[in-house]
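Colleague: Could you show me the model and take me through its main features?

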Amino acid sequence: MKPRARDFLVGLFLIAGIAAIALLSLSVAGSAYRGPGGLELVVTFDQIGGLKPRAPVVIGGVKVGQVRSIGLDDDLRARVVLDVDQRLKLPTDTSAVILTAGVLGDQYVELSPGGETTLLKSGDEIQFKQDAFVLERMIGKLIQNLGAEDDKK
Amino acid sequence: VRDPIADFGAKGIGAVHGLGRFGAFAARVAVALVTPPARLRRTLDELHDVGVLSLAVIGVSGLAVGMVLGLQGYNTLVRFGAEESLGAVVGLSLIRELGPVLSALLVTGRAASAAAAEIASMGVTEQLDGLRMMSIEPVHFVVAPKVVAFVVCMPLLSALFIVLGLAGGYLVGVLFLGVDAGGYVSSLQQTVELGEDVVPSLVKSVVFGVLVGLIAAYRGFHAEPHSAGVSRATTSTVVVASVTTLIVDYFLTALWGVNP
């Protein structure tokens with residue numbers, strides 16, 4: 001093979017390899033939600049279960065954003081920042097719930113718009129919320145209640 | 001009278017001696033790399049031999065491994081109704097372990113054996129001595145470009161292996177078994193982290209590239225100067241490089257800390 005033809009193949013190989021690395025670092029390890037963001041909403045939960053950064057935020061099952069960050073606020077409660085499509089008109093009485101996809105699946109945040117006419121702005125806090133459902137606790141409570149009923153008899 | 005303890009001691013000394021010679025060889029290669037002139041023409045040719053010629057085997061294997069991961073992962077996950085997580089299973093196993101390790105093993109079989117045989121037969125046919133007579137240092141002219149080619153090609157080949165594996169998992173999971181396409185991609189993107197998965201994977205394959213390249217060059221360079229020596233150098237390159245890759249992989253993974 002002529003040296004130039006070889007060099008061409010080497011060049012192609014190098015480009016393909018670097019493209020593969022770029023794809024892995026930028027796209028595969030990138031953000032899960034690539035739609036428009038911009039509207040930043042804060043929700044404070046008592047219990048977030050297994051919610052992770054970059055978990056999806058949905059309205060009625062449609063993905064509209066993702067969890068930007070999770071931290072503790074000054075009162076040691078879980079402060080979750082959501083990044084949501086800024087074109088959405090979300091009323092101030094929108095509620096946020098942490099749900100689980102399937103019984104053992106990943107957790108996500110569902111927003112349910114309310115009926116107010118004033119809209120949420122970036123940086124606002126969502127007031128209506130419901131904590132994550134933790135299966136072990138529910139089972140624990142259930143067993144306690146069953147035990148208490150047995151004692152009554 | 002044979003003394004088993006003395007025999008064992010001699011083996012131990014031999015092993016340490018061999019390790020030391022390998023270290024000294026690695027140092028010679030490192031010095032050759034920073035000594036002018038840079039052998040660009042030679043390095044390009046070696047990049048062709050190691051990288052371009054390994055593309056076919058890496059591509060086919062990556063696709064096949066991704067497809068079998070998709071199939072096996074699906075069969076396990078569907079029992080828990082968690083087949084949406086297929087992308088995460090395929091992606092994490094490929095990026096964290098299978099990509100760097102399998103491509104290192106494949107490159108060992110495809111290119112390191114050829115490199116060792118080439119250097120060893122250059123020794124047998126006294127070409128290395130010929131180079132020395134023209135006062136060209138063989139480590140500088142023959143060995144260093146080969147080692148550079150392995151170090152450069154390994155992460156690129158590993159990344160291509162992973163990308164094709166992801167495509168293979170998508171093919172089986174989404175097109176054949178009916179996993180939701182968006183679910184596959186989003187579970188992949190949600191689980192894979194740049195700093196915890198992708199960067200360690202690339203670091204691993206660079207380390208494997210250094211090890212495989214140096215082992216092949218060392219075995220070839222120090223082959224006994226006859227035809228049996230060439231075949232022994234080739235065999236021991238494949239065996240030693242494969243085993244070293246697998247052992248070093250464990251320690252690299254353990255050092256990095258296994259993430260939950």
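Modeller: A polar contact here is a pair of N or O atoms within 3.5 Å; within protein, one must be able to donate a hydrogen and the other to accept it, and residues adjacent in sequence count only if both atoms are side-chain atoms. This is a predicted model, in which local features need pLDDT of at least 70 and side-chain atom pairs count only at pLDDT 80 or more, while totals for chains, interfaces and linings use all residues. Residues are numbered from 1 along each chain as its sequence is written, chains are lettered from A in the order in which they are written, and side-chain values use heavy atoms, without hydrogens and water.

Colleague: How many residue pairs are in polar contact between chain B and chain A?

Modeller: The count is two residue pairs, both at pLDDT 80 or more.

Colleague: And how many salt bridges across that interface?

Modeller: The rule finds three, a salt bridge being a side-chain nitrogen of Lys or Arg within 4 Å of a carboxyl oxygen of Asp or Glu. D7(A) and R41(B) form a salt bridge through their side chains, at 2.8 Å from N to O.

Colleague: Which element gives the largest share of the side of chain B that touches chain A?

Modeller: That is α6(B), with ten residues; helices are DSSP runs of H or I with at least four residues, strands are runs of E with at least two, and both are numbered from the N terminus.

Colleague: Switching topic, what is the strand order in the open sheet of chain A?

Modeller: The seven strands follow the order β1-β4-β3-β2-β6-β5-β7, with mixed pairing; two strands pair if DSSP finds at least two bridges between them. At the edges are β1 (38–45) and β7 (128–130) of chain A, each pairing on one side only.
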